[in-house]
Each structure stands twice: as structure tokens, then as C-alpha cells.
Amino acid sequence: MSAMSEIPLPHPAKRVVPWWLLRHETMLAVILLIALVVLGGLNSRFLTLDNLLNQGRLTTEVGLIALPMTFIIITGGIDLSVGSIVGFCAILLGYSWKVFGFPLPLAICFTLLAGAAAGFLNGIVITRVKVPPLIMTIATLALYRGLAEGISQARSVRGYPEWFYFIGQENLFGVPAQLWLLLIAIVVAAIVLDRTTFGRSLYAIGNNETAARFSGLPVDRVKLIIYTLSGFMAGLSACVLVSRVTTTRSDMGMGYELDVIAAVVLGGTSIFGGVGTIWGTVVGLAMIQLLKNGLALTGVKGDATIVVIGTVLILSTLVASSLQRRREGV
Amino acid sequence: MTTVTLAGAEADPRRWLKAFASQEALLAIAVIGLAIAVGLYNPRFLAARNLSDVLLGNAYIAVAAVGMTMVIISGNIDISVGALIGVLATISGTLAVNGAPIVVAWLAALVAGILVMALQGIIIAYLRIPAIVVTLGMLSILKGGLISVTGGKWITDLPDSFHLADIELFGVLPFPVVLMILVTILAALWMRYSASGRAVYAVGGNAEAARLCGISQPRTIVMVFALHGMFAGAAALLYATQLRVIQSTVPPNLELTIITASVVGGVSILGGTGTVVGSTLAAVLIAEIASALVFIDVSPYWIRAVQGVLILVTVIADILRRRRMAGA
């Protein structure tokens, strides 16, 4: 045994390619380009500006949630309740407007606030009671969906005023309106994650929470903020979704957690925490949406695409973890 | 007087209190108390017909929760089980309709369940991918696969002999309830008295200590998942045979009901503790609540919210109790 440990380790192979080419995001972007070309070759309707912009429209609801989810997974947490918060918020939007008679702008504010409150409840129990995020958000996955079903009694609300449909259906400067919202959110999230103390502390927490605590980082406050943010963005996503599909139903957002987590993990954010970028998540989102669209255009039905997304989720985690293990020499 | 006898003397009255306050006892009291309370409000709730419907219709949840309990005790989670039950029911029903011997149709569900779950166990234990990622991925693979293969078509014209759930042992005991009780007792004995059963607690309680005791953590986890798959197969058979048709879609959020039963049954979500007796009692309690809502004129649409609150309250209570014990 002791003789074994004295054998010098071989020198790591000299890098022949620049480091940024080996980054997960870069590799993913290359795959994305190849996929674009292949799908474009298979179907002439795919690689048109109209189609791509429309796909951007469709990805916004998931994308808005994927940004805070990136923060959460970087800290080593998870939020499975996002899809249920979307449903809960959609129902609240419809009900506060139609049943309580709020003016629609007030109803929207109320919805966003409710989303933030739902996320805050997750965060407060996770940080104060120390319930693991996985279990807490499974419980609220049931709870928020249950509230949506209970409040709505399976009735839908439709007939919103015309101006409300702008964000979900109209274009602004030739680009779908909600895509602007997503773009702004992406830029803000990337700057926060990369350039602020708050953003950097997320990595510290994900790498070693105890060390982060002893370094004087306000770990609990940071976590509380990101789970609240996650709920808020789910509320925003609900408003965009209702505006796009013009109705509210209690099953809205069901299964969003799969798309969101798949996009984040595919984008190179480690499910074990400590690693990840917003750009990776953006490429992951684009991959997932193009996969769905490409498959649909080649005649694969919607139900089969979730098979692909599930497989992609497992495989990308497998590849990422085996790469990481090799890098660490385990 | 030594401290030992002091502690012993003190513990004596407490032990009764402790047995009384155990999760299983609390659940049993809740099951009976709720029945009495709702019965006073609406006596029709206590009609034999209704009570047996509640038990018969939900025995499969209790059976699946036994497996889920083992998985959670081992420190993992599985959210694919609801979709798996849908798939297994369809596999079994398709075989039965196409003329396969009934026993083969039944066994196919068990074997397929074991295979799918063992595969997930292998990925989780040997490739070290978190259970939540693997089972979330599998959930969508099974769910999407089932709908795209069957097109959501229902299976009808099932042979009469296929209906396991209709069997009444000795002419009186309904098979689903017998199976539920039998599975619970056998699993409870296995987990309490056998070395491999204790290993599940060891792996979930302290993986490092378990390893030092010579317990193979990966092998234990694969075993737990394989068993969980077998129970899922049994649950699928009860689910598939209780109606005359099999809806070839995944029962929505079935996994949440099963997880709720396990967690409310006293499994610590931190792993390492819990019993299958508790999870079966909890499954009965949840079914009872769902039925009670109707009898006290509350919309059944609230049931999922009630489940969410139940998980939340038990989990928080469990953690606070542990903290107090650690602090004392």
C-alpha cells in the first residue's frame, strides 16, 4: 500500500486545445449548432426566422424559472415546486381578477406577490427548520397544486381584456414581447451571478456550506432570497403563460420542473452544487426547445418528446459526473 | 444508587408514554378517531360498504408505499413509481387480453417492475447520480413512452380470471386487503429481524459506518430498489384489476400520494428510521380523509392540498423532535 502511494502521478497531458473550447457551454453550443443544421436539413420549415422566434416565445415560461433554478442548483439545492407555483399563481390571477374583482394590473401584482410568498415559504422552512430542499419542495409541489385545484374547483377563467394579451402574443420590434422579458432577465441574472458578491456566494455555499458559514457569509439569507426569487419568477411565468394561452386552469405548469431542471443540468450546472453558469442554462434551454420543435416537425408526437427530455436529463448528468470524476482523478 | 438504575427507574413510566406516542400509535388513533368524528357528523360514512370501498380502492397505495418506505429509509427517493405503476398495469393487461396465461400476465408486472427499478438502483448506486435526477428522468420516459405507445387507449375485455382484486379468500376476505396486510407484516419482520433488512437502516442512517461494518452500500441500494419494483408490480396488479378497464395513461400524481403515505407514516426524510407499519396506516388514513371530505360536504378537489399540509406538518414535526432530542 505505502509503495503504491509513492509512485509519482503521471503528468497531466499537455493541453493542445484552448481551455475555453473544452468548457461545457462551448461544447454544448457546438452540439446546438450541429443540431440546428441537421434539423434544418431535415425540415425546411425549421430554420426560418419565424419558427425560431416562435420557439423563443414558447420557451420563455420555462426560461424565466430556469434562471433562479440555476442559482438554487448551484447552492446544492433544488426546487421541485415551481410547476405547482405556476398553476397556483395562474389560478390566483384569474380569481383575483374575476371573483374578487381586482383591476387586472393589481391582480398581476397580487399574483407576483403570491408567487414570491410561495417561494418564501419554501425558503423559510428550508433555512429555519432545516428541512432538505428536495422534501420541502415535494411537499409544496403537492400543496400548491392542491391549492390551485381547491380554489379553482376545476373551473377555468377566460375573457381577459385585450391589452393583457400583448405580453403573451404580440411582437415588440419584430421580436415576441415576452422574449424581451426573458432577455432582460438573462442579462440581469448573468451579471448578478458573475459580478456580485451575492452571486459569488452562491458558489461558495454550493462548494462547502460549512466553510461558507464560517467565512461569515449570510448563508440562510442568501438561500431565502433565491427560493423567494424562484417563486416570484414562477409567478411571472404564470402571467406570461396565461396571457399567451388566454385562459387559466389548475393544471397549468404541470411537469415544468422536468423541463427546467433538464435545461439547467444540461447547461452544465452540477446537480451536486458549486458549478454552473447562466450562459450554460441559456444554451440548455435552447437545446431542449429545439429538440421539442425539431422532433415535432419530423412527426414525433408531443408525448414522445418528454421521453427524449428524460433520457437527455439522465445522460447529461451521467456524462457531467463522469467527466468531473476523471478531472478529480477519482 | 448508580446512574444506571436511576435512568432505568425513570424510563419505566416513560416507556409506556413513548409506545403510546409512537407514530404508528398516533396514526392508528387518528384512523379510528377520524372515523368516529366523521361518523357522528354523517353516519353514512361508517356504512360497511363505504369503509370497505375505502380499503379496497386504496390497498394498492399502501402496497406501493411499503417499497417507497424502504427507499426513503435507505436515504433515497423515487418519484417515478406512479408512472411505473401505470406502465406495469398496461403491460399486464395487454398480455391478458392477448391470450397469455393469466399467471404470466401477473408475473410480467412483477418482473418488469423489478427490472426497471433495479436499473434505476444501479444508476443511483454505482454511477452515483442523485436519485431525484434518475427518477425524474425515468418518470418522463415512462409517462411519455406509455402514452405514445398506447395512444391513451383504454384496455377493455379483460378476462374475468385476470381480476386479482375480485378474489375473496374463504369467500369473505378481499384479496387486496389481505395482500396489503400480508405485505406489511412480512416487510416489517424482514426489516426488523433480518441482516439485509437492518442493512437498509444502516445505509440510510450512516453510510460511512455501514461501510465500516462491511455492508455494501451500492448492493443494498440496488436490492432496495429491486424490492420496491416488486411492490410496485404488486400494486399495479391491484390497481389494474379493480376496475373492468385499464386506462393506459399514468394516474396523475400517484407518486405524491405514495410518498405522502411513507412520510406521514413516520419515515424520517433524513433516512435511517421509519417503519412500513406506519406507512400502511398512513395510506389508510389518507384514503379515509379523501373519502371523509365527501361526507362532510367539502369538495374532493381539496385532497391534494390536504396531502401537502400532511407531509409538511409531519416533516417539520420530525425535524423539530430530532432537534429537541439532540439538544436534550
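Helices are DSSP runs of at least four residues, numbered from the N terminus.

**View 1. The end of helix H6 in chain A.** In this predicted model, H6(A) is followed by Gln153(A), a residue with a positive phi, near 50°.

**View 2. Helix H6(A) along its length.** The end C-alpha atoms of H6(A) lie 27 Å apart, which agrees with the 28 Å that its 20 residues should span at 1.5 Å a residue. This helix is mostly covered, 16 of its 20 residues being buried.

**View 3. The interface of chain A and chain B.** Contact between the two chains involves 42 residues of chain A and 39 residues of chain B. About 3400 Å² is buried between chain A and chain B, and carbon and sulfur atoms give 80% of this area.

**View 4. A salt bridge across the interface.** Between chain A and chain B the count is one salt bridge. Its partners are the side chains of Glu149(A) and Arg304(B), with an N to O distance of 3.5 Å.

**View 5. The side of chain A that touches chain B.** Four helices of chain A, namely H5 (104–129), H6 (133–152), H12 (256–266) and H14 (302–328), each supply at least two residues of this side. H6(A) gives the most, with 14 residues. Sorted by class, the side of chain A that touches chain B comprises 28 nonpolar, seven polar and seven charged residues.

Note on methods. Residues are numbered from 1 along each chain as its sequence is written. Chains are lettered from A and ligands numbered from 1 in the order in which they are written. This is a predicted model: local features need pLDDT of at least 70, side-chain atom pairs count only at pLDDT 80 or more; totals for chains, interfaces and linings use all residues. Side-chain values use heavy atoms; hydrogens and water are left out. Contact means heavy atoms within 4.5 Å. Buried area is the accessible area (1.4 Å probe) that two parts lose on being put together, summed over both. A salt bridge is a side-chain nitrogen of Lys or Arg within 4 Å of a carboxyl oxygen of Asp or Glu. Ala, Val, Leu, Ile, Met, Phe, Trp, Tyr, Cys and Pro count as nonpolar, Asp, Glu, Lys and Arg as charged, and the others, Gly among them, as polar. The expected span of a helix is 1.5 Å times one less than its number of residues. Buried means under 20% relative accessible area, exposed over 50%, partly exposed in between (1.4 Å probe, protein chains only).
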